[in-house]
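I opened the file to look up a sheet, a loop residue and a chain contact. My entries follow.

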Amino acid sequence: MAQELNKHNAEKIQGPDAIPVQLTINGKAQAFQLEPRVTLLDALRNHSTQTGAKEVCDRATCGACTVLLDGVPVYACMLLAIEAQGREITTVEGLAPDGKLTKVQEEFIACDGLQCGYCTPGFVLTVSALLAKNPKPSETDVRKACSGNLCRCGSYPRVVEAALKAAGVATASKCEVLTNV
Amino acid sequence: MKAFEYVNAQTPESAAGLIGTEGRYLAGGIDLLGEMKEYIATPARLVNVKNLPTTREISKTPEGGFRLGANVTIAELAAQADLPAGLIEAAAEVGSPQIRAVATVGGNLAQHSRCWYYRQRDLTCLKRGGSTCYARDGENKYNAIFTGNPCISPVVSNLAVALTVLSAQAVVWRKSKEVRLTMAELYADAWNNPLAQNSLQPGDLILAVEIPAPVAGVRSSYLQVSEKSDFDWALVSCAAAGSVNEGKFRGVKIALGAVAPVPFQMEEANALLEGKPCNEASANAAASLILATATPFSHNGYKVPIARALIRRTLLNLAK
């Protein structure tokens, strides 16, 4: 009976008007009223206060909207907010909740791994997820992991350097990094 | 995006019932949401099929083959070391890490055309029901060099190419029962019909892909050439499977991607390779046969030599 009831409720048609949506953003449960068409990116930026994830291409191409879903980088622009319910959503704001920057963030600053900075939250999250999974990555590992993040300023060599330094992996000089591109 | 209703289906039967005439199935959503943001697709309802039983699992079939649930992500597939090498290589080339984390096996197979005239919301090209294929006399760099209809949009699913040579079958929920389609059958309609992306009928849902049990000595290989080394569509892709016994090709199958509306294969080329020595001359002979009927357009003649090189490399990989 309970199973039947669950099934019945699970197949309930929701929307197109706003429906209650519960999201766990940076460890905090938040309640929203969202139409099913609202993407996670839209929910974060325009229905919550977490503007760290950026909207650029809005087509799963640039990586500026990258957030972590249960620790895994995904594009928030191509995920419906209702489908992120029950998952741990981490935005760049969640990396340093007390204002103390992480090692990755510090190395992005030290290595000057950005110019305009619009892609930076995405890169920082992608690199943070990589180091959580693979604490001593090679340069190739970093490049592969970052292949879904674009930087139109072209800061890639310094992003790679920042990632490797944050991992405590010896890096080649900047010139050598550039010739390996 | 146009507003829509959303519902979580629990069984294939209810999913097929819920989709109606105006609905679409939602899995990873990478392709579908892209179409919806361009108003190319304006479904009134999305039926989430990610909770259908066993569709997120990779399991063994009773015959010793693999059953890949349609909702297995591309990342999960790429990390499954006991699958045939060609399939893992094809999965690893799909999109970016962020895309592979959510995109699914079923979605990869069922994704729609990437032709930029099709994806341009202000145009109604032949594939969208208009009267003109703008690519034929336009910017056709990424389009097909083989086609059986006036549309020259190529199939872009990496997995379809690898699965073709592995003799895989798609398990499709059709009219309240499971039917099995070979990869050739799954795409056959796209060869003849400019409006078709594949042979799926309204309401059809891919539930799984089944790969026959691996045979000792049979290897597979997938290679693609793209403009970028990562996170790019294939300009041309090629997969081969088969064995090399005492230096001779046995039971080899070869297929090309991104050159035709279907994973392009030629039985005559497979037959030609049977018993031939595994060397460049045999591979080139097969490539010449396959490419003899290619009809490149103004900007995509470069695909022919790339296809030739990839046919040669994938075939020679079978001996490695």
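In which sense do β1(B) and β3(B) pair, and over how many bridges? I find parallel pairing over four bridges. Two strands pair here if DSSP finds at least two bridges between them. Strands are DSSP runs of E, at least two residues, and helices are runs of H or I, at least four residues, numbered from the N terminus.

The model is predicted: local features need pLDDT of at least 70, side-chain atom pairs count only at pLDDT 80 or more, and totals for chains, interfaces and linings use all residues. Residues are numbered from 1 along each chain as its sequence is written, with chains lettered from A and ligands numbered from 1 in the order written.

**Sheet.** I looked up E5(B) and found R45(B), in β3(B), as its bridge partner. The open sheet has three strands in the order β1-β3-β2 (chain B), paired in parallel. β1 and β2 (23–26) of chain B are the edge strands, each pairing on one side only.

**Loop.** I located E57(B) in the loop between β3 (45–48) and β4 (58–60) of chain B. E57(B) counts as partly exposed because it has 13 C-beta neighbours inside 10 Å; the cut-offs are 20 or more for buried, 12 or fewer for exposed, and partly exposed in between, with C-beta atoms placed from the backbone. T73(B) is 16 residues from E57(B) in sequence and 9.7 Å away in space, C-alpha to C-alpha.

**Chain contact.** I looked up the contact: 24 residues come from chain B and 28 residues from chain A. Contact means C-beta atoms, placed from the backbone, within 7 Å. α5(B) gives the largest share of the chain B side, five residues.

Technical notes:
Two residues are in contact if their C-beta atoms, placed from the backbone, lie within 7 Å.
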